[in-house]
Amino acid sequence: MSREVTNEVEERRVIRLLGGAADAVAPLDALEVSALLRASAAGRRACRARTRSFPRGTHLLTAAAVAAATGLAAMLPLRLHDAEQPSAATSRVHADLIAFPEGSALSLLLSRQRERRA
Amino acid sequence: MAMGHLQRGQAASAESRLGRPDRHVEFEAFVSPYVQRLYRFLVLRLGDERDARDSLQETLLAAWQGLPQLREKERPWSWLAGIAAHKASDSARRRLRAVPLSSVDEPYAEDAVAADVLAALERLPASAREVLLLRYLLRLSEVEVADALGVKVGTVKSRAARARRRLLAELR
């Protein structure tokens with residue numbers, strides 16, 4: 001097959017594939033199109049009822065940051081306290097971690113607060 | 001066709017009487033035939049419906065602002081497609097800075113072949129994806145693609161040939 005024919009065959013295949021993929025995209029509904037056009041003509045962005053309200057991935061980063069901060073906050077008083085009273089503190093902490101692996105950070109924080117108040 | 005123009009004209013004058021400026025009505029009539037095609041292009045380009053909506057909005061805003069300066073009003077399609085291509089590139093750059101594509105995207109297409117095509121497109125470099133979509137989905141000429149991307153026609157030809165082969169190889 002000549003190069004030109006090959007190119008043409010490739011082009012047709014690509015056109016068909018991309019057309020099929022584009023057809024699989026659900027069209028915007030008429031109301032949404034109208035809102036987009038009117039908002040643009042008014043020089044502003046349309047209300048994005050069906051879009052995310054925060055940047056992509058921010059929630060994951062925030063969750064990770066909160067988890068890290070909680071962990072650090074839990075570890076810091078634990079270490080300070082360990083230095084003062086090694087045996088009692090560690091034994092109780094280990095018991096918390098075994099009993100409540102997922103809620104241990106929170107329970108530690110609460111218990112430390114209670115101890116400080118006392 | 002003539003009926004369509006007549007109806008649009010009647011709608012336009014009716015809306016004008018309701019207090020909407022003629023320029024708004026003219027803009028909507030000018031752009032609305034292309035909105036769905038632009039949206040589909042943006043979904044395939046960005047692989048995400050929400051990002052595509054955002055980019056479509058930015059495209060329409062830019063079109064509204066640029067319409068008074070548009071000289072060739074009889075050829076709106078290549079002009080709009082060029083704006084959409086730029087907005088999609090901006091969006092893709094912003095997203096790259098935020099978080100990797102594959103970590104949060106959900107496939108938009110339930111159709112297995114379409115999903116394969118989307119996945120293959122995402123594996124292509126952005127420049128290849130862009131030229132493929134402008135040339136073979138939006139059906140712009142090589143000259144129009146070159147104008148939209150700010151490159152030479154020869155570059156469009158070579159990029160398109162490479163991108164075609166790569167897409168087909170990805171789908172094998």
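**Exercise 1. Find where pLDDT stays under 50 over residues 49-57 and 96-100 of chain A, and judge how to read these stretches.**

Step 1. Take residues 49-57 of chain A. Here pLDDT stays under 50, and the model has 13 contacts beyond four places in sequence for them. The score pLDDT is the predictor's confidence in each residue, from 0 to 100. Two residues are in contact if their C-beta atoms, placed from the backbone, lie within 7 Å.

Step 2. Take residues 96-100 of chain A. Again pLDDT stays under 50, with 5 contacts beyond four places in sequence.

Step 3. Set the rules. This is a predicted model: local features need pLDDT of at least 70, side-chain atom pairs count only at pLDDT 80 or more, and totals for chains, interfaces and linings use all residues. Residues are numbered from 1 along each chain as its sequence is written, and chains are lettered from A and ligands numbered from 1 in the order in which they are written.

Step 4. Draw the lesson. Where pLDDT is low, the predicted coordinates should not be read in detail.

Step 5. Look at chain A as a whole. Its mean pLDDT is 69, and 44% of its residues reach 70 or more. Confidence is lowest in helix H4 (residues 86-99) of chain A, at a mean of 49. It is highest in H1(A), at 91. Helices (H or I, at least four residues) and strands (E, at least two) are DSSP runs, numbered from the N terminus.

**Exercise 2. Describe the fold of chain B.**

Step 1. Count the elements. Chain B has 10 helices and 0 strands. Its pattern along the sequence is α-α-α-α-α-α-α-α-α-α.

Step 2. Check burial. Of the 172 residues in chain B, 38% are buried (20 or more other C-beta atoms within 10 Å of a residue's own; exposed is 12 or fewer, partly exposed in between; C-beta atoms are placed from the backbone).

Step 3. Check contact range. Among contacts in chain B between residues at least 6 apart in sequence, 66% join residues at least 24 apart.

**Exercise 3. Describe the side of chain B that touches chain A.**

Step 1. Count residues. In contact are 39 residues of chain B and 29 residues of chain A.

Step 2. Find the main supplier. H4(B) gives the largest share of chain B's side, 8 residues. By class, that side has 26 nonpolar, 4 polar and 9 charged residues.

Step 3. Pick one helix pair. The axes of H1(A) (residues 3-23) and H10(B) (residues 153-170) come within 10 Å and cross at roughly 65°. Their contact includes A:Asn7 and A:Glu10 of H1(A), and B:Ala161 and B:Arg164 of H10(B). It has 4 nonpolar, 1 polar and 5 charged residues.

Definitions and conventions:
Axes are lines fitted to C-alpha atoms, for helices over the stretch in contact, and angles run from 0 to 180 degrees between N-to-C directions. Ala, Val, Leu, Ile, Met, Phe, Trp, Tyr, Cys and Pro count as nonpolar, Asp, Glu, Lys and Arg as charged, and the others, Gly among them, as polar.
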